[in-house]
Amino acid sequence: MKARVTVTLKTGVLDPQGKAIEGALKSLGIAGVDSVRQGKVFDIELAGQDAVAAEAALKTACEKLLANTVIENYRVEIGV
């Protein structure tokens, strides 16, 4: 079973890497970029077919390792 975990910074948390990317895009002449927020995407393959158990396991993984829940949000998608 395939899953995707997306981790993003919470609203209000400063994103210096996003600002750097924003500046680089503008310097490359890419118009219309108002702001950039960066994040992380994890594509994970899991054994088994129990989507509920897989989602629970990935939420535990996010809470313990994949996301810093003080400053980051995460989203788990099963079957992507």
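Exposed here means over 50% relative accessible area, and buried means under 20%. The views below come from a predicted model.

**View 1. The salt bridge between D43 and R4.** The side chains of D43 and R4 form a salt bridge, with 2.6 Å from N to O. Since D43 belongs to strand β2 and R4 to strand β1, the pair ties together parts 39 residues apart in sequence. D43 has a relative accessible area of 54%, so D43 is exposed. R4, at 31%, counts as partly exposed.

View 2. E22 and K26 meet through their side chains in a salt bridge of 3.2 Å, N to O. These two residues are 4 residues apart in helix α1, so about one helical turn separates E22 and K26. E22 is buried at 9% relative accessible area, whereas K26 is partly exposed at 44%. K19, E22 and K26 are linked in a network of salt bridges.

**View 3. The largest nonpolar core.** This core has 8 residues: A3, V5, V7, L58, C62, L66, A67 and V76. Strand β1 (2-9) and helix α2 (51-66) each supply at least two of the core residues. Apart from neighbours within four places in sequence, L66 is in contact with residues including V5, V7, F42 and I44.

**View 4. T6 in strand β1.** T6 is located in strand β1 and is buried, with a relative accessible area of 15%. Beyond neighbours within four places in sequence, the contacts of T6 include K40, V41 and Y74.

Terms used:
Residues are numbered from 1 along each chain as its sequence is written. This is a predicted model: local features need pLDDT of at least 70, side-chain atom pairs count only at pLDDT 80 or more; totals for chains, interfaces and linings use all residues. Side-chain values use heavy atoms; hydrogens and water are left out. A nonpolar core is a set of buried Ala, Val, Leu, Ile, Met, Phe, Trp, Tyr and Cys residues joined through side-chain atoms within 4.5 Å. Buried means under 20% relative accessible area, exposed over 50%, partly exposed in between (1.4 Å probe, protein chains only). Contact means heavy atoms within 4.5 Å. A salt bridge is a side-chain nitrogen of Lys or Arg within 4 Å of a carboxyl oxygen of Asp or Glu.
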